[in-house]
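User: I would like to go through this model with you. Could we take the helix packing, the strands and the domains in turn?
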Amino acid sequence: MTPPDRMVLFIKIADAQETRGIASLHGKPMQQPPQLPDRLLRFFLADDRLEEVLGDLHEEYRWQVNRVGEQRARWQYWIDALGFIKPQFSIRQESNHYSNPSNTTMLRNYLKIAFRNLARHKGYSAINIGGLAVGMAVAMLIGLWIYDELSYNTYHQHYNRIAQVMQHQTVNGHISTQESIPIPLDAELRNKYGNNFKHLALAAYPGNRILSYGEKKLARTGNYMGADMPEILSLAMLKGNRNGLKETNSILLSASTAQALFGDTDPIDKLINIEGKADVKVTGIYEDLPFNTEFHDLTFIAPWELYVATQPWVKQALDKRVWGENSFQLFVQLADHTAIKTVSDRILNAKLDNVPAEDKKYKSEIFLHPMSDWRLYSGWEEGVQTGGYIQYVRLFAIVGIFVLLLACINFMNLSTARSEKRAKEVGIRKAVGSVRSQLVNQFFSESFLVVVLAFVGALLLIMGSLPWFNNLANKQITFPWSKLPFWLISLGFILITGLLAGSYPALYLSSFQPIKVLKGTFKVGGLAAMPRKVLIVVQFTVSITLIIGTIIVYRQIQHTKNRPLGYDNNGVVMIPMLSPAFYGKYDVLKTDLKNAGVIQEIAESSSPMTGVWSNTSGFNWQGKDPSLDTDFSTIWVTHDFGKTVGWQFKEGRDFSRAFSTDSSAMIINETAVKFMGLKHPVGTVVTWGEENDSRAKKYTIIGVIKDVLAESPYEPVKQAIYVMDYNNVNWIMLKLSSNRSVSQSIATIESVFKKHIPSAPFSYKFAYEEFGKKFASEERIGKLAGSFAVLAIFLSCLGLFGLASFTAEQRTKEIGVRKVLGASVLNLWSLLSKDFLMLVIIACLIASPIAYYYLSDWLNDYQYRTEISWWVFAGSGVGALIITLVTVSFQTVKAALVNPVKSLRSE
Amino acid sequence: MKRSYLGEFEEIVLLTVAVLELQGQAYGVAITHEIIEQTGRSVRLNQIHAALDRLEEKGMVKSEMGEPTAERGGRRKRLFTVTAYGRRTLQEIQEVRVSFWSRLLNPLNLTIIGG
């Protein structure tokens, strides 16, 4: 029998035995060993051992049966079998004949080599990973910020169907756009255009209003709104329902307000007092609106009907259908299957059709401003939408991409610069059979390793810097750990960055010819350094542009802050008159506060020092151009207002108690003089109303003051008139005594106010603080731009530092030879630094016009703006050069100082 | 020369393999029986397998699958052979022992060698 035949025979026998269990080789019955241990072994043993072990066990069993009998053989069998149940036998034996590489073997090798490379060049690795981590962190932070901006207001379910009704009006040839609309527009839209809307809700303006429950008094921001508003905003009701505003004396509270007022007791059906004017019943509690919604500070909603009932002027406007009183807001939710644009076009003339003939000249156009545009597209110029916040979103998106690009450029530069060091490795790999695609894979896996490490670093950086960033950007961004899209985007991010950062080294290094590399004739020529130089120029162009931008933003802020105010806001305290209890207390407050010696002066006014709350028109005077629309900022004040805020008179005099006629006196600002075209303003009689109308009120101008900057510090001051009225006032102004500490004075003032107006909480504002808030947005932009500029220059320098150290290392021998031949340290230093300086100078030349173009564009948005002077560019350029020089010198000086004996000895 | 450490038991197993491979019978059960017979120790199959594994890992033996037999239920044996390295190791051990024994039996050699 040939061996294969024998084998077949045995296998057949084996089959027979196993299946029937009674076969025999020599004619005698063969006892089977117990089954259970076999099964256990089949479960526990590695499959490549199973055959051998079971074979041995069975053979042993038979031998034992013959020796000691079946009973004891079975017993032995158990002991033997159980002896094999050990971890060492359940592991596959590694076959050590030939390796059997799988796909992951090479990957493992790549990673191993990558880790070894990282560990060997710790400095480069730190620069690479650290720089990339910073870049990614910045890009991700900006990404989170942009996401937050784009998701603004999306909390509301009907986000896409909500709009605010707004109007364009033409005044003195210019189209102005405003959200304030007249009351009758609501009824008009309901009656004539009703089928376009699902809900309409009139609203007042949000403001600090006093809510009191028993002894508890709080000033909270809230508003009076139509009964449909909770439905429009799809408020998440925690208690009660969205119909809670249907009754006049009701109120909806946000969860935080309810908590502040009632603590843990159930607020539903409790009566609270609002503004000292009405008692209202709490009918519902809604979840606080998130920070990134328009209405995030709306902490209570009172019914619109209550506003009408408690404010006589509103009731009058409603009853008499006053179309000229633009003092209200109107929010709508569109009917299903209607497009905002179509409806907006339909209601274009809703106001114009109804206004009296003399008001037709304002050409009022009603339109809808969709909620999706509220945040980012809120700018209007001559009736055309001009963007708004979206500019900053775009700006920072670009900055984010650039910062990431800078970090990627560092990575590419350092990798290619080091390529010569790894050329031999590439040569050997190619010689032993790597094909190019494998090398490409290798370098990509290396770059992915670095990117993943950098990503982890970036996550840590973000976690560390998010609170700071939130503070800076005035956001409440949380890290979206649990959001799948975030991780998907991050993954995409890693892929793109890995590809971007790894592409150049991967494609470039893998193209080396092994024969040249291994023979040692390989030299990276001048051309190879070219892309590196271009990349450095790109880096520094971005950095210098950002530096110039930051300087100009800050100069603009400074320039505007130094703008003459026209009054002295030092020590001026403003107290809002939040409830009727404040009125009629002027004299007692004045006496008490003056006796206490804490104030120099007290006055009342209809507007705060940092805003103008009313504009009026309909004035006439001698020599007025009939076509002029007399639109004035109008501020009602009391006698001592001028003294309190420190008016600066150009002509004439202040209001005085000595003249009883001052009740019909008027003070105007410089702009008003120009606007009215008056040659001798003092003494001019101004009529409010038609000249021959008996009801019209006549005022005599008694003084002209320098323009008071109350509204936007970037806009020219509007023509303003000041007249006296002790009733039509909303703010108490105090001028603190200069010889007392502010905190003491405030404490004394609070006690006086508590004594005379016990029903209201004491709240106050410093005029200079309120003025400072007008710069918040610009300062935020400045700070963000500044931070990014610092990061950009940091990243660029990091890359430069790495490159400089690399060049110095590469030219060690050259430097040694030069030194032996007599070059001085200064010679060598300039030799090594020169190249880098040239690149930075080129970057300066490119950056300056780019920065000039964009910044003059930005400044154009401001009426009151700084000049872009040449020294900003020169300064930024010189700054960049100095930073470069310092960075590079660190390495070049080190290289130049090396003893040539050391650098030349190695050969 | 540095060599892999070989335990006493491993050494015996390796020796047994060297002996049995001459008859082509160096596999688990045979080795076990041989050791029991020669040394009188009670040895279990799993110990032999573990020792053989270790020896193979150290490169002292190599193995291949043999032919199936009936008493094994038609399963194949794993037949071991000693590698050149294994042989050299055995020889070195032997030499070390011989040199010590010779010094023990014939102390004069010490002075001659140390000479």
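User: What do the buried residues of α1(B) pack against?

Analyst: In this predicted model, the buried residues of α1(B) pack against the helices α2 (28-39), α3 (45-58) and α4 (84-105) of chain B, and against the strands β1 (61-69) and β2 (75-82) of chain B.

User: Which residues of α1(B) are buried?

Analyst: They are B:Val13, B:Leu14, B:Thr16 and B:Val17.

User: And why do they line one face of the helix?

Analyst: Viewed down the axis of α1(B), the buried residues fall within an arc of 160°, so they line one face. In general, an α-helix has 3.6 residues a turn, so residues three or four places apart point the same way.

User: How many residues does helix α1 of chain B have, and how far does it reach?

Analyst: Helix α1 of chain B covers residues 8-20, which is 13 residues. From first C-alpha to last it reaches 18 Å, close to the 18 Å expected at 1.5 Å a residue.

User: Now to chain A. Which strand is joined to β9(A) by five bridges?

Analyst: That is β7 (residues 250-254) of chain A, and the two strands run parallel. In this pair, A:Ile251 stands opposite A:Val282 of β9(A).

User: In what sense does β6 of chain A pair with β9 of chain A, parallel or antiparallel?

Analyst: Strand β6 (residues 237-240) of chain A pairs with β9 (residues 278-286) of chain A in the antiparallel sense, over three bridges. A:Met237 stands opposite A:Tyr286 in β9(A).

User: What about β8(A) and β9(A): how many bridges are there?

Analyst: Four bridges link β8 (residues 271-274) of chain A with β9(A), again in the antiparallel sense. A:Leu271 has A:Lys281 as its bridge partner in β9(A). The two strands, β8(A) and β9(A), form a hairpin with three residues between them. In the turn, A:Glu275 has a positive phi of about 55°.

User: Moving on to domains, how is chain A divided?

Analyst: Chain A is divided into domain 1 (1-25), domain 2 (31-97), domain 3 (161-374), domain 4 (392-559 + 776-905) and domain 5 (572-771).

User: How far apart are the C-alpha centres of domain 3 and domain 5 of chain A?

Analyst: Those centres lie 29 Å apart. The contact takes eleven residues from domain 3 of chain A and twelve residues from domain 5 of chain A.

User: Which elements give two or more residues to the domain 3 side?

Analyst: They are β4 (207-213) and β5 (216-225) of chain A. By class, the side of domain 3 of chain A that touches domain 5 of chain A has four nonpolar, three polar and four charged residues.

Conventions
Residues numbered from 1 in each chain as written. Chains lettered and ligands numbered in written order. Predicted model: local features only at pLDDT ≥ 70, side-chain atom pairs only at ≥ 80, totals over all residues. Domains from an automatic or database assignment. Contact = placed C-beta atoms within 7 Å. Nonpolar A, V, L, I, M, F, W, Y, C, P; charged D, E, K, R; others polar. Expected span 1.5 Å × (residues − 1). Buried ≥ 20, exposed ≤ 12 C-beta atoms within 10 Å, placed from the backbone. Arc of directions from axis to C-beta. Pairing = 2+ DSSP bridges.
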